[in-house]
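Me: I would like to learn how to read a protein model step by step. Could you take me through one, giving the general idea before each case?

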Number of protein chains: 2
Amino acid sequence: MKKIAIIGFGVVGSGVYEIIRRNKDILTKKAGEEIDVKKILDIRDFSAHEEAHLFTKDFNDLVNDGEIDIVVETMGGIKFAYDYTKALLEKGKSVVTSNKELVAAHGDEFFRIAKENNVRYLYEASVGGGIPIIRPLACDASANDIVEVSGILNGTTNYILTKMFKENDSFESALKTAQELGYAEKDPTADVDGIDASRKIAILMSLVTGKKFDCSLMHTEGIRNITAEDVTYAAAIGCTIKLIGCGYTKDGKVNASVEPMLIPENCPLAGVWDVFNGVMVTGNMVDSLMFYGRGAGKLPTASAVVGDVIDIVRNSSYNPYYSWGECDESAVIPYDEVTARFFVRIKEEQKEKVKEIFGDTEIIKGISDYGFVTAKMSVKELNCGIEKIGGAVSRMRLYR
Amino acid sequence: MKKIAIIGFGVVGSGVYEIIRRNKDILTKKAGEEIDVKKILDIRDFSAHEEAHLFTKDFNDLVNDGEIDIVVETMGGIKFAYDYTKALLEKGKSVVTSNKELVAAHGDEFFRIAKENNVRYLYEASVGGGIPIIRPLACDASANDIVEVSGILNGTTNYILTKMFKENDSFESALKTAQELGYAEKDPTADVDGIDASRKIAILMSLVTGKKFDCSLMHTEGIRNITAEDVTYAAAIGCTIKLIGCGYTKDGKVNASVEPMLIPENCPLAGVWDVFNGVMVTGNMVDSLMFYGRGAGKLPTASAVVGDVIDIVRNSSYNPYYSWGECDESAVIPYDEVTARFFVRIKEEQKEKVKEIFGDTEIIKGISDYGFVTAKMSVKELNCGIEKIGGAVSRMRLYR
């Protein structure tokens, strides 16, 4: 019998509890022994819960319980979660988390402590909810030099963009619907401004390179400025718009960014709609793989957490293949050097100048202005060109 | 330094060699120690190979080499591969294979021998080429009761169906092109008649249930009889046609089948074209996941083989979570009891009878005949209904 504790009985934490209760026999079979919840830490009142005796408000009840080997941290945020995780690992307990903010910010430190104490710190649920992506990168694709990871990592923004594309909704109206349905928070900043996605692509690129990719070094752009006219332009060039977390490695260096991108309709990511997530992984041997599923939600996310718990029951020793070390800023490729094709919107009077500066490109008429696709160039070259034509209404990167 | 041997230097075997040479540093980092090829067994002449000294025609050179801990079997077929694999496992060597025929037919026996000798028998490359699907089922989705696995598991037939759908090719012409491009063998039976896919879905359902699913118990139907008119009907009801290996579990029982199915256009599997594969996994907690990528080809398949080799270098002890036991015929749901909706093609004079027997369903006019979609019913009920209306031109199962 393996006894675990849960910290934070919110959406995901209560999902973990539910899976352990509902799939008990399956878990016993898959883990090789029974898994039971011994304690749940939450500051709220759960005295009416059917297992009220499991709840405590005192962290010491968990950290000092010698019977508890594995702790699930699903409270989110940094402040308390950081202190708790550190104390638990130092006490020789393995920790499983869904807390992307914490993993992105402090994963490197926790892996070091986990190694010192020969325990594990696992975080499959922190990226892509129920979609397996951490273990495939750490194990399945291990024969490859991973050259690119890119994907739709935020369900809220994908839902909003779906409404804008499929129902011609405006951003504001789609956001309102998302909030009504509980897909978006009252303060939607973390989702719509790309912060949530930046944490997730930071985690993936940290795992790929073995060095922390600090979110503060990342170009991060959300979807607030996307308009109905952008949707029309996208359709005109056979694309859809998705918020993409994208990372690549080149000559031992790495870049990661979050920004809305134009995705060609024949790309598998273009077929990822609503709250679903999709992650493309490109290795130098396997070519491109895609992992698709529910990137959020109570039971899908909890499914990934419990999968990690089972992994630890099977083998609780520190495993270096899920870890990374400190950030190496000198290995980060500046966003200015990222090369891509771009869609640039301009005013009518700039049309002639575009041909002069960007060469012979087709200029498309939109509703209120004009747009064109550039050749492949760096962000720096793009900005330089845009300056020469006297500015642009907007620009958007093309995916591949 | 971990020394391995390769049996069968064909497409996949030579790909394994190539990855070990080209990604040497990456492999050393990922496995924790260097991996090198010590011997290659192949009956053909490789005296002109740049490392000709590695080749042998004598199996005893491998099985009696105490330095070789891991052997890659990429020769295919049953006869020799069975004897070799058995002898190697009995000698305490782990074996990694891409040989779906052998895994489907004798996996249960090999897992038993591997357990007795505390070594591993891994087979990620046997299903879906480079796509991770075995490890996700064994590990990532372990918190779930897996209720369904279904997918496009054969690249050759998917290529043929793509040509038929996108270029209005006939089956014969598309097959010819596939053969010219090397996607289909001279004798295409194993691919086009669904035999290859049946081995793959048998492996997946054996892993899911823990009991061998014998291919001989499976309804297996290929794509030879699909015509341009079927393509037209499919489009008329908003579907595409894919060869689907499909397995599900219900009340501790299991069914698996291979047959062409009508896939609604909004299903992620409908977007899997050309030689790509896609596998959907549905768990009772995580809902549906899809895994997508190159289901065949030298380096993608070899990437999965080498991933398994790295896994064994990391941990060479027998692991029960990748294994299954003997077949239990009594737990197999007969194909007759499978329930689905079906598309049935009929002659004009049967139209009135259809309404009588199948109820009020819309009858669509095709080119030479008529068709309709049934309500959800069992195969048995379908056959009974078809008999009552005096036979049918053809019938096809709808996916979900």
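Me: In what order do the six strands of the open sheet in chain A stand, and is the pairing parallel or antiparallel?

Reply: As a general idea, strands of a sheet pair through backbone hydrogen bonds, either parallel or antiparallel. Please keep in mind that this is a predicted model. In chain A, the open sheet has the strand order 3-2-1-4-5-6, and the pairing is parallel. Strand 3 (55–56) and strand 6 (121–122) of chain A stand at the edges, and because each has a single partner strand, one side of each is left without a neighbour in the sheet. Within this sheet, strand 1 (residues 2–7) and strand 2 (residues 35–41) of chain A run parallel and are joined by six bridges, and A:Ile6 can be found opposite A:Ile40 of strand 2.

Me: What is the order of the six strands in the open sheet of chain B?

Reply: In chain B the order reads 3-2-1-4-5-6, with parallel pairing, and the edge strands, which pair on one side only, are strand 3 (55–56) and strand 6 (121–122) of chain B. For a pair to look at, take strand 1 (residues 2–7) and strand 4 (residues 68–73) of chain B, which are parallel and share five bridges; there B:Ile4 stands opposite B:Ile70 of strand 4.

Me: How many helices and strands does chain A have, and why does its radius of gyration of 23 Å agree with a compact globule?

Reply: Chain A has 14 helices and 18 strands. A compact globule with 400 residues would have a radius of gyration near 21 Å, and chain A, at 23 Å, therefore agrees with that expectation. Along the principal axes, the C-alpha atoms of chain A fill a box of roughly 75 × 45 × 35 Å.

Me: How much area do chain A and chain B bury between them?

Reply: The size of an interface is often given as the accessible area lost when the parts come together. Here chain A and chain B bury about 3800 Å² between them, with 55% of it on carbon and sulfur atoms. On the side of chain A, the residues that lose the most area to chain B are A:Asp140, A:Met285 and A:Tyr321, together 18% of what that side buries. The contact involves 45 residues from chain A and 45 residues from chain B.

Me: Which salt bridge does A:Asp140 form with chain B, and how many salt bridges are there between the two chains?

Reply: The side chain of A:Asp140 meets that of B:Arg135 in a salt bridge, at 2.8 Å from N to O, and between chain A and chain B the count is four salt bridges. There are also 18 residue pairs in polar contact between the chains, counting pairs with both residues at pLDDT 80 or more. Strand 12 of chain A gives the largest share of the side that touches chain B, eight residues, and that side divides into 23 nonpolar, twelve polar and ten charged residues.

Me: In what sense do strand 12 of chain A and strand 12 of chain B pair?

Reply: These two strands pair in the antiparallel sense over three bridges, and in one of the places to look, A:Met290 has B:Tyr292 as its bridge partner.

Me: Which salt bridge links distant parts of chain A?

Reply: A:Arg397 forms a salt bridge with A:Glu259, with the closest N and O atoms 2.6 Å apart. A:Arg397 lies in strand 18 (residues 394–398) and A:Glu259 in strand 10 (residues 253–264) of chain A, 138 residues apart. Over all chains, the structure holds 66 salt bridges.

Notes:
Residues are numbered from 1 along each chain as its sequence is written. Chains are lettered from A and ligands numbered from 1 in the order in which they are written. This is a predicted model: local features need pLDDT of at least 70, side-chain atom pairs count only at pLDDT 80 or more; totals for chains, interfaces and linings use all residues. Side-chain values use heavy atoms; hydrogens and water are left out. Contact means heavy atoms within 4.5 Å. Buried area is the accessible area (1.4 Å probe) that two parts lose on being put together, summed over both. A polar contact is a pair of N or O atoms within 3.5 Å; within protein, one must be able to donate a hydrogen and the other to accept it, and residues adjacent in sequence count only if both atoms are side-chain atoms. Helices (H or I, at least four residues) and strands (E, at least two) are DSSP runs, numbered from the N terminus. Ala, Val, Leu, Ile, Met, Phe, Trp, Tyr, Cys and Pro count as nonpolar, Asp, Glu, Lys and Arg as charged, and the others, Gly among them, as polar. Two strands pair if DSSP finds at least two bridges between them. The radius of gyration is taken over C-alpha atoms; the globule rule is 2.2 Å times the number of residues to the power 0.38.
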